[in-house]
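Let's take a walk through this structure together. Keep the sequence and the 3D view side by side, and follow each stop as we come to it.

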There are 2 protein chains.
Amino acid sequence: MKRKLLLALVATATVATAHAQVKVEDAIKWRQSAYATMGWSMGRIKANLDGTYNKDEVVKAANVIQAIANSGMGALYVPGSDKGKGWAETRVKPELFTDGAKVGKLAGDFNQAANELAKVAASGDAAAVKTAFGKVGGSCKACHDDYRKDNK
Amino acid sequence: MKRKLLLALVATATVATAHAQVKVEDAIKWRQSAYATMGWSMGRIKANLDGTYNKDEVVKAANVIQAIANSGMGALYVPGSDKGKGWAETRVKPELFTDGAKVGKLAGDFNQAANELAKVAASGDAAAVKTAFGKVGGSCKACHDDYRKDNK
């Protein structure tokens, strides 16, 4: 039991150290990059739903969203990164860093929606993809509404 | 047979239309974002190889690289995007748009290396991850050496 606790403490310290090594400007740049990559992928899926449906295209895009959703982007919200510039000035609201439970719920909803989207994309069922895509979009919006400045 | 050919032509036309709809500045921004997201992921894996190895961290990062590698980023090299600004000015050399076979080979090598990395990451074999990671890094460098301006 003692050993487990020690290991847990060491693990926590390691994670803390790893986080400390991420520079604020890098963290913001990587966040912006990951969101933009997901934005590209969402656009691709929308184009397939609105036009000719290509299963492979949708699978590729959904897999990107799923992998990034599950990547642990929380690690990029390092202390001090509520302000600063990556590719551009961050638009995050400071509340994201303090609303732990609410942010955790939003992140969990997003992960779940992204996993569901990848699952139904693989099945090739366009109607199911449309529903799952809507849920992912809704979970993006829910976070933007509360935690993105100049939201549009 | 005729129907198949017609379908192939329609599919090609649709893809061409979809590409035409991607604006040059968006294409460059999405390319830069996808590469930066992979850069973040490569850095995470390196930190795990150099420090305390955490299988879950490495799997998450490797899955991001794999998904983006297989996403079909070639679609983002739209005509006219040899110059222009996304988040920043593109550093792509114009030769990337004309060296079809060579670029295809480099892209294929990268995809293969990224798939191998994700596979061995899932196994948790850190030594195998180190080898596979080196191959991914080598395939990144091979393309940068030939097709990135101001390469460093």
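A:K102 is partly exposed, with a relative accessible area of 42%; here buried means under 20% relative accessible area, exposed over 50%, and partly exposed in between, using a 1.4 Å probe and protein chains only. The side chain of A:K102 meets that of A:D146 in a salt bridge, at 3.0 Å from N to O. A salt bridge is defined as a side-chain nitrogen of Lys or Arg within 4 Å of a carboxyl oxygen of Asp or Glu. This pair links distant parts of the chain: A:K102 sits in helix α4 of chain A and A:D146 in helix α5 (residues 126-147) of chain A, 44 residues apart. A:D146 is also partly exposed, at 32% relative accessible area. Helices are DSSP runs of H or I with at least four residues, strands are runs of E with at least two, and both are numbered from the N terminus.

Before going further, a word on what you are looking at: this is a predicted model, in which local features need pLDDT of at least 70 and side-chain atom pairs count only at pLDDT 80 or more, while totals for chains, interfaces and linings use all residues. Residues are numbered from 1 along each chain as its sequence is written, chains are lettered from A and ligands numbered from 1 in the order in which they are written, and side-chain values use heavy atoms, with hydrogens and water left out.

Now stay with helix α4 of chain A for another pair. A:D109 forms a salt bridge with A:K105, with the closest N and O atoms 2.8 Å apart. Both residues lie in this helix, 4 residues apart, about one turn of the helix. A:D109 is partly exposed, at 30% relative accessible area, whereas A:K105 counts as exposed because its relative accessibility is 52%.

B:E57 belongs to helix α3 of chain B and B:R44 to helix α2 of chain B, so the pair ties together parts that are 13 residues apart in sequence. B:R44 counts as buried, at 9% relative accessibility, while B:E57 is partly exposed, at 28%. Over all chains, a search of the whole structure finds 10 salt bridges.

Let's step back to chain A as a whole. Of its 152 residues, 33% count as buried. Contact means heavy atoms within 4.5 Å, and among contacts in chain A between residues at least 6 apart in sequence, 73% join residues at least 24 apart.

A:S81 is buried, with a relative accessible area of 0%. Although A:S81 and A:I28 are 53 residues apart in sequence, their C-alpha atoms are 6.7 Å apart in space. Leaving out residues up to four places away in sequence, A:S81 touches A:V24, A:I28, A:R31, A:L76, A:T90, A:V92 and A:F97. A polar atom of its side chain also lies 2.6 Å from the backbone oxygen of A:V78.

Where do the two chains meet? The contact takes 22 residues from chain B and 22 residues from chain A. The area buried between them is about 1900 Å², of which carbon and sulfur atoms give 73%; buried area is the accessible area (1.4 Å probe) that two parts lose on being put together, summed over both. Between the chains, the count is 0 salt bridges.

On the side of chain B that touches chain A, the elements giving two or more residues are α2 (24-50) and α3 (55-69) of chain B. Of these, α2(B) gives the most, with 8 residues.

Our last stop is B:S71, in the loop between α3 and α4 (100-123) of chain B. B:S71 counts as buried because its relative accessibility is 0%. Its side chain reaches the backbone oxygen of B:I68 at 2.7 Å. Leaving aside neighbours within four places in sequence, B:S71 is in contact with A:W40, A:R44, A:K60 and A:V64.

How values were computed:
Polar contact = N/O pair within 3.5 Å; in protein donor to acceptor, adjacent residues only side chain to side chain.
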